[in-house]
Amino acid sequence: MLETAHADHVFYRSPRKSYPTAVRAEGIMIYDQKGKAYMDGSGGAVVVSIGHGVKQIQQAMLNQASRIAFAHGSQFTSEAAVELARKIVAISPPGLDRVYFLSGGSEAVETAVKMARQYQVDRGMPSKYKVISRWTSYHGNTLGALALSGHTGRRKYHLPLMQHTPHIAPAYCYRCPFGLQPAACMLECADDLEKTILYEGPDSVSAFMAEPVVGATAGALVPRDGYFQRIREICDRYDVLLIVDEVMTGVGRTGKNFAVDHWGVVPDMLVGSKGLASGYTPIYCVATKEAVHTAIKDGNGVFVHGHTYSQNPLSCSIASAVLDHIREHDLVKRCAAMGAYLLKRLQALYRHPIVGDVRGLGLMAGVEFVKNRKTKEPFDPKIKLNALVGSRAFDKGLITYPGGGGADGVRGDHILLAPPFIISEEQIDRLVGILDDAIAEVSAEITR
Ligand code: PLP
């Protein structure tokens with residue numbers, strides 16, 4: 001990709017990079033101003049689930065906008081918000097009966113943290129305030145969400161502005177933090193939560209937050225069966241709320257409505273999801289148990305929090321239409337089937353010595369790169385291996401979501417794949433083919 005700044009007034013993420021202009025999108029494809037087609041192999045940043053350009057959603061937008069686009073949540077409710085909350089409750093783990101709407105994932109994460117805190121205060125446990133999270137995790141870029149995130153590289157610049165919060169070891173089987181092989185695993189990474197709660201003092205701990213399948217930091221880290229069940233038990237033992245961050249994994253992305261459904265675990269709060277509106281509008285939610293809602297209703301009476309665009313009717317009606325579309329086209333089931341096919345096809349990438357691990361659940365797959373497959377030594381981050389593979393694939397017309405820092409916060413390279421659920425087997429073959437070519441070319445260049 002050309003390293004020249006744009007002459008326009010937009011403050012871009014990478015001000016030195018020259019971005020193509022996206023002008024049109026349909027299905028799993030995005031087209032730029034020159035007519036070049038890109039396969040959306042990552043749904044942007046694991047956002048687009050139902051595909052681009054769905055007419056039913058455009059119609060829902062128009063219908064709602066022609067009636068009412070905005071009414072402030074402190075002054076009105078709306079049919080769209082009521083309807084969407086009902087649909088989210090219907091697909092959520094049992095008991096998550098109240099839904100609070102937000103317009104960003106980081107905002108939703110921080111909302112859950114504050115909701116947990118107010119719950120503790122309003123039910124008479126004001127000493128409980130700490131939120132424990134994990135290393136090798138990502139919960140967002142606002143200062144509170146970043147403090148919970150376990151990614152050294154993303155935290156480094158802003159560390160002086162952030163509050164220190166406790167982090168436990170990740171459930172990262174390929175690089176077990178306890179140096180164990182799968183046969184010897186006793187879920188030490190889950191027990192690390194218990195140890196940390198005891199060190200911190202159970203009376204001070206309000207909640208534990210984790211992504212059921214880690215996304216941006218390490219590329220689709222799937223925990224072992226039993227991990228989240230153990231986490232649930234520990235949270236219950238110490239009266240700590242379990243908050244799952246399903247911003248990437250919901251709705252349907254892992255082949256179930258929410259990733260915790262794979263293990264039958266019911267959290268106290270669920271933060272979701274980019275896939276709630278599949279990129280058609282920015283809307284997220286926190287779904288919580290009635291007990292949390294009741295404590296706040298009967299305690300302070302007001303949740304001391306709020307954002308201007310929460311529960312705006314236009315976004316709610318768009319998300320509602322997306323959920324209808326997913327249900328009507330049985331897309332969660334399709335995601336599970338296509339995910340299994342993608343994972344099978346990705347095994348071919350092991351022909352490249354730099355591919356250390358291929359993993360995933362549903363249509364959320366990760367490919368981790370290593371300098372040495374035997375020792376699992378990561379590449380020097382100065383090489384920017386993940387960016388090299390990502391931009392080579394992009395030049396060839398495949399969008400992926402590359403990331404780094406999974407191995408130790410700074411080192412480690414992976415590519416995250418998360419195409420829309422409508423992808424076909426033939427398109428998956430094409431996706432894997434392009435990625436294979438990109439890896440081959442980059443491998444040849446770095447070993448020259
Ligand atoms: N939580 C998780 C698991 C995420 O992957 C992300 C974003 O990638 C966020 C939270 C933050 O979401 P947003 O970028 O909408 O603030």
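Figure 1. An oxygen atom of the ligand is 2.8 Å from an N or O atom in the side chain of K274. An oxygen atom of the ligand is likewise placed 2.8 Å from an N or O atom in the side chain of Y284. For D245, the side chain has an N or O atom 2.6 Å from a nitrogen atom of the ligand. These pairs fall under the term polar contact, a pair of N or O atoms within 3.5 Å; within protein, one atom must be able to donate a hydrogen and the other to accept it, and residues adjacent in sequence count only if both atoms are side-chain atoms. The residues that surround the ligand include G104, G105, S106, Y138, H139, G140 and E211; a residue is near a molecule if one of its heavy atoms lies within 4 Å of it. The model is predicted: local features need pLDDT of at least 70, and side-chain atom pairs count only at pLDDT 80 or more, whereas totals for chains, interfaces and linings use all residues. Residues are numbered from 1 along each chain as its sequence is written, and side-chain values use heavy atoms, with hydrogens and water left out.

**Figure 2. Close-up of the boundary between the two domains.** Domain 1 comprises 22–53 + 330–446, and domain 2 comprises 57–328; these bounds come from an automatic or database domain assignment. Taken over C-alpha atoms, the domain centres are separated by 25 Å. Contact, meaning heavy atoms within 4.5 Å, joins 43 residues of domain 1 to 39 residues of domain 2. The buried area between the domains is about 3,100 Å², and carbon and sulfur atoms give 57% of it. Buried area is the accessible area (1.4 Å probe) that two parts lose on being put together, summed over both. On the side of domain 1, I50, L361 and M364 supply 21% of the area buried against domain 2, more than any other three residues.

Figure 3. The largest share of the side of domain 1 that touches domain 2 comes from β11, with 5 residues; strands (E, at least two residues) and helices (H or I, at least four) are DSSP runs, numbered from the N terminus. The count of salt bridges between the domains is 1. A salt bridge is a side-chain nitrogen of Lys or Arg within 4 Å of a carboxyl oxygen of Asp or Glu. The side chains of E368 and R175 form such a bridge, at 2.8 Å from N to O.

Figure 4. The side chains of K87 and D324 meet in a salt bridge of 3.0 Å, N to O. This pair links distant parts of the chain, for K87 lies in helix α3 (residues 79–91) and D324 in helix α10 (residues 313–328), 237 residues apart.

**Figure 5. Close-up of two backbone features.** Most residues other than glycine have a negative phi, and most peptide bonds are trans. The peptide bond from G250 to V251 is cis, with omega near -5°. V251 is located in the loop between β8 (241–245) and β9 (269–272). V46 is not a glycine, yet its phi is positive, about 60°; V46 is found in helix α1.
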